[in-house]
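Open the model in your viewer and keep the selection tool ready. The tour goes stop by stop.

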Amino acid sequence: MKRVLSGIKPSGELNIGGFGGALHPFVAMQEAYDCFFFIPDLHAVTVMQDPKELYRRSRDIAAFYIAAGIDPRRSVIFFQSQVAAHAELGWLMETQAHVGELNRMTQFKEKSDGKEAVSSALFTYPALMAADILLYQATHVPVGDDQKQHLELTRDLAERFNNRFGPTFAMPEPIIPTIGSRIMGLDDPSKKMSKSNPNVSSYVLMLDSPEDIRKKFARAVTDSEMSVRYDWENKPAVSNLIEIYAVFSGEPIEKIERQYEGQGYGGFKKHLAEIVIEKLLPIQQRYHEIVHSEELTRVLKDGAARAAEVANETLLKAKKAMGFVTFE
Ligand code: ATP
Ligand code: MG
């Protein structure tokens, strides 16, 4: 059986980067995999979160999952903090991770850079992420480009654990979407589109209004060549826009290049905005219908129970393998 586990942190407002690299591929994966999609709220608190905002954003992400097309009857949707096995196996994985390995994680370097008080949890984050994945015996993990390194560490930890204590965990493979795995800022194509960028024009939020989306794409940086050509090395800003176009239209890159051949950027950017708006409108509508609903609460309660069943079984196996006294 092929099984997927992945999630989007409730650490900020969801933007089209998270949609391209995560949510959009999640929906398609339901066809071929047994899927667990969680809301990694324990990861979100590795950096300071306002409690009210964390609460709102957590339900928000869950609502976006469903609004975008994750079907709770087929896939398990749950909050990480509601399945205690995550924190527990996270601790056990910390005993397997080396400080040197954690030190090499570029995400830690980026997120701690220039900050005075950095939580120790931000440093050990990859051990918890390994636990998230290994608890479900996930065979496949869809990740954006930025999470590749963490997944490699997960594989190292799984292998180390299995070698020391006997076969316990499945070895997860990354699935990196070919299109949309690294959507960059609209203001600067050298930086990933990120919810933490203070420049609001750098990202398009899932809940942005049509006017805002039009404005943001109109302002998006391009280059002076005036040709819609996919070439990350020489034309990163335009390539990024083409990639967003491809994610939201479902059209292949070559077709988009052909369609805009010999034209400047004006029309291309206008059409791009309309394509994004058209895709987002029904998602936004469904999001508003469910975000405060009892239905969403029920889905999440049920999801936590289903997830805990699978997770607890793996946790018990791992604890027994390590030599803990268990009475089961
Ligand atoms: P944070 O800044 O708090 O890390 P984030 O925007 O990076 O937030 P995450 O929750 O860390 O969001 O990532 C969720 C998933 O979305 C991951 O698989 C990640 O690889 C993917 N992702 C995030 N941003 C992008 C992006 N700009 N392009 C493509 N994929 C992305
Ligand atoms: Mg991230």
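Where is Gln 137 found? Select it: Gln 137 sits in the loop between helix 7 and strand 4. Keep in mind that this is a predicted model. Check the backbone here. Phi of Gln 137 is near 55 degrees, a positive value in a residue other than glycine. Most residues other than glycine have a negative phi. Gln 137 counts as partly exposed because 19 other C-beta atoms lie within 10 Å, and the buried class needs 20 or more.

Next, select Met 226. This residue also has a positive phi, near 60 degrees. Its place is the loop between helix 9 and helix 10 (236-249). Met 226 is exposed, because it has 12 C-beta neighbours inside 10 Å and 12 or fewer is the cut-off for that class.

Now go to ligand 1. Show its shell: 21 residues surround it. The closest are Lys 9, Ser 11, Gly 17, Gly 21 and Gly 144. Colour the shell by class and you get five nonpolar, 11 polar and five charged residues.

Is Gly 144 buried or exposed? It is buried, because 21 other C-beta atoms lie within 10 Å. Beyond residues up to four places away in sequence, Gly 144 touches Gly 21, Ala 22, Ser 181 and Arg 182.

Move on to Lys 195, in the loop between strand 5 (173-175) and helix 9 (210-219). Lys 195 is partly exposed, with 16 C-beta neighbours inside 10 Å. Leaving aside neighbours within four places in sequence, its contacts are Ser 11, Gly 12, Glu 13 and Asn 15.

Last stop: the largest nonpolar core, with 90 residues. Select Phe 36, Phe 64, Tyr 65, Ile 77, Phe 78, Leu 89 and Ala 130, the residues with the most contacts inside it. Helix 7 (residues 120-135) gives the most to this core, nine residues. Why does the core lie between domain 1 (3-181 + 293-322) and domain 2 (200-288)? Because both domains give residues to it. Leaving aside neighbours within four places in sequence, Leu 89 is in contact with Ala 131, Leu 134, Leu 135, Leu 315 and Ala 318.

Definitions and conventions: Residues are numbered from 1 along each chain as its sequence is written. Chains are lettered from A and ligands numbered from 1 in the order in which they are written. This is a predicted model: local features need pLDDT of at least 70, side-chain atom pairs count only at pLDDT 80 or more; totals for chains, interfaces and linings use all residues. A residue is near a molecule or strand if its C-beta atom, placed from the backbone, lies within 6 Å of it. Ala, Val, Leu, Ile, Met, Phe, Trp, Tyr, Cys and Pro count as nonpolar, Asp, Glu, Lys and Arg as charged, and the others, Gly among them, as polar. Two residues are in contact if their C-beta atoms, placed from the backbone, lie within 7 Å. Helices (H or I, at least four residues) and strands (E, at least two) are DSSP runs, numbered from the N terminus. A nonpolar core is a set of buried Ala, Val, Leu, Ile, Met, Phe, Trp, Tyr and Cys residues joined through C-beta atoms within 7 Å. Domain bounds come from an automatic or database domain assignment.
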